[in-house]
Amino acid sequence: MEMIVRGTIMYLGIFILMRFILKRQTGGLSIPDLLLVVLLADAAQNGMAGEYHSITEGIVLVATIIFWNLAIDWVGYHVPFVERLARPAPLLLIKNGQVLRRHMRQELVTMDELMSKLREEGIASPRTSRRPRATAIPA
């Protein structure tokens, strides 16, 4: 039971920290997905390296981490508020062809990073990214 509680506390604690500290998106990988990979790797490594008293404890910790990842995804699917917490919408960096410098400062995105992302998307400049609505460029 201690392993389940420890795994639960670690997952939720790191999830909350990452949610409010790391708001930038890393491509298509969401924060909970990245957290899951990191925690699973560490939990499995400890289980295999003999840090636990048995392999079963490592498996229990891995199962606990997977459970919480699936539980948050499931609850987020059914409760929009939880979905917004787990996967926040990208912050707009360009709106109607204008660079939103305040948002760039908030997300710590440089103009070089923004321009690089625009070029990846085949957009020559922020002004040519005009669309009927705002444009969100994931950092």
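Predicted model: local features only at pLDDT ≥ 70, side-chain atom pairs only at ≥ 80, totals over all residues.
Let's start in a loop: leucine 108 is found between α5 (101-107) and α6 (111-120). Leucine 108 has a positive phi of about 60 degrees, although it is not a glycine. Is this leucine buried or exposed? Leucine 108 has a relative accessible area of 67%, and the cut-off for exposed is over 50%, so leucine 108 counts as exposed.

You will find asparagine 96 in the loop between β1 (94-95) and β2 (98-99). Its relative accessible area is 41%, so asparagine 96 is described as partly exposed.

Now let's step back to the whole chain. How many helices and strands does the chain have? There are six helices and two strands. If you read along the sequence, the pattern goes α-α-α-α-β-β-α-α. The chain has 139 residues, and buried residues make up 31% of them. As for contacts, take those with a separation of 6 or more: 55% of them are between residues 24 or more positions apart.

Let's go inside. In soluble globular proteins, nonpolar side chains tend to be buried together. Here, the largest nonpolar core has 13 residues, and Tyr11 and Ile65 are the ones with the most contacts inside it. Which elements give two or more residues to this core? They are α1 (2-21), α2 (31-49) and α3 (55-78). Of these, α2 gives the most, with five residues.

Setting aside neighbours within four places in sequence, isoleucine 65 is in contact with Tyr11, Leu36, Leu39, Leu40 and Ala43. There is also a second, separate core, made of eight residues, and among them are Leu93, Met104, Leu114 and Ile123.

Next, the outside. The chain exposes about 9200 Å², and carbon and sulfur atoms supply 65% of that area. On the surface there is a nonpolar patch formed by Met1, Ile4, Val5, Ile9 and Val60, with about 460 Å² of accessible area together. Which element gives the patch its largest share? That is α1, with three residues. Isoleucine 9 has its place in that helix, α1. With a relative accessible area of 55%, isoleucine 9 is exposed.

Last stop, the aromatic rings. A pair of aromatic rings is described by the distance of the centres and the angle of the planes. In this model the count comes to one aromatic pair. The partners are phenylalanine 67 and tryptophan 68, with ring centres 5.2 Å apart. Why is the pair called edge-to-face? Because the planes of phenylalanine 67 and tryptophan 68 stand at 75 degrees, and the cut-off for edge-to-face is over 60. Both residues are partly exposed: phenylalanine 67 has a relative accessible area of 48%, and tryptophan 68 has one of 23%.

Notes:
Residues numbered from 1 in each chain as written. Heavy atoms only, no water. Core = buried A, V, L, I, M, F, W, Y, C linked by side-chain atoms within 4.5 Å. Buried < 20%, exposed > 50% of the residue type's maximum accessible area, 1.4 Å probe, protein only. Helix = DSSP H or I, 4+ residues; strand = E, 2+ residues; numbered from the N terminus. Contact = heavy atoms within 4.5 Å. Patch = residues over 30% accessible without salt bridge, like charges linked within 9 Å, V, L, I, M, F, W, Y side chains within 5 Å. Areas by Shrake-Rupley, 256 points an atom, 1.4 Å probe, with all protein chains shown as cover. Salt bridge = Lys/Arg side-chain N within 4 Å of Asp/Glu carboxyl O. Phe/Tyr/Trp six-rings, centres within 6.5 Å; stacked < 30°, edge-to-face > 60°.
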